[in-house]
Amino acid sequence: MTQLTANHTPAGTCYDVSGQGDPLVLIHGVGLDKGMWCHQVDALAQHFQVITYDMLGHGSSTKPADDASLNCYANQLDELLQHLNISSCRLIGFSMGGLVARAFALEYSAKLDALVILNSVFKRTTEQRVRVIERAQQAAEQGPDANVEEALLRWFSDDYRAAHPEQINAIHQQLIDNDPQGYVTTYQLFATQDCFGESQLDQIKVPTLVVTGELDPGSTPEMAEQLASRIPDAQCVILKGQRHMMPMESPDRVNQLLLEFLHSVQLGQQAT
């Protein structure tokens with residue numbers, strides 16, 4: 001396993017740095033933390049300086065304000081980059097992290113070299129929006145454990161859950177141990193901001209890859225295709241047979257895809 005050293009920025013963001021090379025930042029999803037990227041860090045840190053961090057309200061980072069906007073989460077990343085003296089980076093966002101990555105790409109375009117959006121959301125249907133807002137309301141009323149079992153069923157395949165009960169139990173515990181306010185604030189943004197920056201997406205000019213799983217019920221192939229079609233020259237890849245947590249469930253496939261894209265970006269930048 002790659003050796004990591006945890007640190008905090010002056011504003012209270014907990015982060016890890018591993019490897020050397022061009023900076024590459026990974027943003028996790030709602031209810032998780034930077035530890036979800038362990039398989040990606042091992043592979044990517046052989047080629048890049050990999051930075052993972054806990055979003056506001058998650059892990060060991062500071063809590064968001066009750067009225068925090070998606071831009072507050074983008075500002076958190078900017079503060080982290082300033083702390084590390086990084087002028088620009090490649091950025092990978094998963095699920096809610098994909099929304100944060102989009103917000104960062106629009107607010108801090110000069111600090112972005114390439115963008116990857118994994119298993120994220122865009123333009124939910126009315127039915128999809130009703131369901132996710134209901135789940136967010138349940139979490140607000142009952143706490144982070146309100147719909148954990150349902151989430152795990154959506155996130156992982158039956159075969160993976162059966163083969164890895166200890167990991168599934170650990171993620172279950174992590175979800176219910178979340179700070180209630182931080183979790184709910186973040187979940188409400190995830191539930192309502194799927195169309196964030198829709199009219200500005202054509203302003204994203206960096207190389208972009210949009211990926212989801214064929215069987216991801218919440219971050220569907222249709223969403224990925226629509227999002228990629230709105231970003232100039234973005235690539236869209238749908239991984240066959242994959243559900244939501246494919247960075248954990250199928251790390252080799254995900255890592256290969258990420259490395260192929262990131263190396264192509266490097267080659268393109270060297271040629272210009």
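In which helix is Glu150 found?

Modeller: Happy to. This is a predicted model, in which local features need pLDDT of at least 70 and side-chain atom pairs count only at pLDDT 80 or more, while totals for chains, interfaces and linings use all residues. Residues are numbered from 1 along each chain as its sequence is written, and side-chain values use heavy atoms, with hydrogens and water left out.

Glu150 is in helix α5; helices here are DSSP runs of H or I with at least four residues, strands are E runs of at least two, and both are numbered from the N terminus. With a relative accessibility of 36%, Glu150 is partly exposed (buried is under 20% relative accessible area, exposed is over 50%, and partly exposed lies in between, with a 1.4 Å probe and protein chains only). Its C-alpha atom is 9.8 Å from that of Arg135, a residue 15 positions away along the chain.

The axes of α5 (residues 148-155) and α7 (residues 165-176) come within 10 Å and cross at roughly 135°; axes are lines fitted to C-alpha atoms, for helices over the stretch in contact, and angles run from 0 to 180 degrees between N-to-C directions. The two helices are therefore oblique to each other (under 35 degrees is roughly parallel, over 145 roughly antiparallel, 65 to 115 roughly perpendicular, and the rest oblique). On the α5 side, Val148, Glu149, Leu152 and Trp155 make the contact, and on the α7 side Ile168, Ile171, His172, Leu175 and Ile176 do, where contact means heavy atoms within 4.5 Å.

Along with Leu77, Leu91 and Leu115, Met96 touches the most other members of the largest nonpolar core, which has 52 residues. Such a core is a set of buried Ala, Val, Leu, Ile, Met, Phe, Trp, Tyr and Cys residues joined through side-chain atoms within 4.5 Å. Helix α3 (residues 96-107) gives the most to this core, with eight residues. Apart from it lies another core of 37 residues, with Leu24, Leu118, Phe156 and Leu262 among them.

Helix α3 also packs against α2 (residues 70-83): their axes come within 8 Å and cross at roughly 75°, and the pair is therefore roughly perpendicular. Leu70, Tyr73 and Leu77 are among the α2 residues in that contact, and Met96, Leu99 and Phe104 are among those of α3.

One last stop is Thr220, in the loop between β7 (208-213) and α9 (221-230). Thr220 is buried, at 9% relative accessibility, and touches Gln128 and Thr212, not counting residues up to four places away in sequence.
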